[in-house]
Every structure is written in structure tokens, then in C-alpha cells.
Amino acid sequence: SSVKVAEKIAEVLRERGFEADVRSLKESAAIRGYDAAVLGSAINGGVWLPETLAYLQSNRESLSKIPVAVFSVHGMALGDSEKETTRRLSYLDKVRQVIDPVAEGFFAGKMQEMNWLQAQAFKFFGGTVVEGDGRDYEKIAAWAKELEI
């Protein structure tokens, strides 16, 4: 899900006249030669994936010199209530300890198939069970069009 979101963001940035590429963490040992960055991660356990947080830490110095926007792909706290908004914003608490993002995006992902029991447990913990692909490419594009990087 995160890769497809990143590809859509890069597409919009290219339409805006920026050079943009999509690279996995494994392909990007260090951030060098970039004027800005957009980094994203899936959410697991209410935080970015450990390997993404480790990448932020190891590139902290380089990232502090350029504008960095971040996005999260998740299946919980998708609503607009105050409680869900607060929870969603907390997904980036560990990210904000490392960098100060110029923009933050939160997007629904493509959910894995769940049986009835898994779906009930997911709902119990605040998840929004989305049938199939919950990615809203119009919302993603709108966010990318407004990025000030």
C-alpha cells in the first residue's frame, strides 16, 4: 500500500515540475543530493515500522537540512472525530522526535483479507474495516498538490 501511495505522490510532484523518484529504504542507504524528501511508512502498533524509524535516525543530520514531508498508511483512526484525529496524529510522535516535518499525510491502505474474528478484533481496537482497497488516490493527489517542499 505504501509504495502505491508514494508512486501517486511522486506522479503529482512530477506534474508540478519537480524531479521525483520512489525508492525503498533498502535502495536508499543515505539521503544525498536531494533538495527535499517525502517519506512514508505503514503503521503497525500505532507507530511507523521499526526499519523506517531506524532510517530516520541514521539520516537525521541530512534530513535536518532539507524540507521533509511524511505520510502514513493505516487502517485505524480513519474518521474525523476528535478521538480518532488525536490517535492518528500520535502515529508520528516518534517521527517528530527525530525530524520536524513540513507536512503530514494520513491515508487508508489496502487491507489484507480478514476472517470474521480478525475483523471483529480489528474493530474492537479502533480499526476501520475497509473492504478491499481503501486508498483514496484523489485525497493523496490533493495532499501532494499542496506540499510546500
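Predicted model: local features only at pLDDT ≥ 70, side-chain atom pairs only at ≥ 80, totals over all residues.
Residues are numbered from 1 along each chain as its sequence is written, and side-chain values use heavy atoms, with hydrogens and water left out. The protein has 7 helices and 4 strands, where helices (H or I, at least four residues) and strands (E, at least two) are DSSP runs numbered from the N terminus. Along the sequence these elements follow the pattern α-β-β-α-α-β-α-α-β-α-α.

**Overall figures**

- Of the 149 residues in the protein, 38% are buried, a term that stands for under 20% relative accessible area, with exposed meaning over 50% and partly exposed in between (1.4 Å probe, protein chains only).
- Among the contacts in the protein with a separation of 6 or more, 74% come from residues 24 or more positions apart, contact being defined as heavy atoms within 4.5 Å.

**The sheet**

- The 4 strands form an open sheet with mixed pairing, in the order E2-E1-E3-E4, and two strands are taken to pair if DSSP finds at least two bridges between them.
- Strand E2 (47–48) and strand E4 (103–108) stand at the edges with a single partner strand each, so one side of each has no neighbour in the sheet.
- Strand E1 (residues 37–44) pairs with E2 in the antiparallel sense over 2 bridges, and here Ile-43 stands opposite Trp-48 in E2.
- E1 also pairs with E3, in the parallel sense and over 6 bridges, with Ala-42 standing opposite Val-73 in E3.
- The pairing of E3 and E4 is parallel over 6 bridges, and His-74 has Ala-108 in E4 as its bridge partner.
- In a regular strand the side chains alternate between the two faces of the sheet.
- In E3 both faces are covered, with Val-68, Val-70, Ser-72 and His-74 buried on one side and Ala-69, Phe-71 and Val-73 buried on the other.
- Because 7 of the 7 residues of E3 are buried, this strand is largely enclosed by the rest of the structure.

**Helices on the sheet**

- Helix H1 (residues 2–15) lies across E1, strand E3 (68–74) and E4, and runs at about 140° to E3; axes are lines fitted to C-alpha atoms, for helices over the stretch in contact, and angles run from 0 to 180 degrees between N-to-C directions.
- Helix H7 (residues 137–146) also packs on the sheet, where it touches E1, E3 and E4, and its direction makes about 175° with that of E4.
- The 14 residues of H1 should span 20 Å at 1.5 Å a residue, which agrees with its end C-alpha atoms being 20 Å apart; the expected span is 1.5 Å times one less than the number of residues.
- The buried residues of H1 are Ser-2, Val-5, Ala-6, Lys-8, Ile-9, Ala-10, Val-12 and Leu-13, and what covers them includes E1, E3, E4 and H7.
- Gly-17, which follows H1, has a positive phi near 100°.

**Thr-52 in helix H2**

- Thr-52 lies in helix H2 (residues 50–58) and counts as buried because its relative accessibility is 6%.
- The side chains of Thr-52 and Ser-41 are joined by a polar contact of 3.4 Å, meaning a pair of N or O atoms within 3.5 Å of which, within protein, one must be able to donate a hydrogen and the other to accept it, while residues adjacent in sequence count only if both atoms are side-chain atoms.
- Leaving aside residues up to four places away in sequence, Thr-52 touches Leu-25, Gly-40 and Ser-41.

**Aromatic residues**

- The structure holds 2 aromatic pairs; rings of Phe, Tyr and Trp (its six-membered ring) pair if their centres lie within 6.5 Å, and planes under 30 degrees apart count as stacked, over 60 as edge-to-face and the rest as tilted.
- The rings of Phe-71 and Phe-107 have centres 6.4 Å apart and planes at 50°, so this pair is tilted.
- Since Phe-71 lies in strand E3 and Phe-107 in strand E4, the pair ties together parts that are 36 residues apart in sequence, and both residues, Phe-71 and Phe-107, are buried.
- The rings of Phe-107 and Trp-143 have centres 5.6 Å apart and planes at 75°, so this pair is edge-to-face.
- Phe-107 lies in strand E4 and Trp-143 in helix H7, so their pair ties together parts that are 36 residues apart in sequence, and both Phe-107 and Trp-143 are buried.
- Through these ring pairs, Phe-71, Phe-107 and Trp-143 are linked into a cluster.
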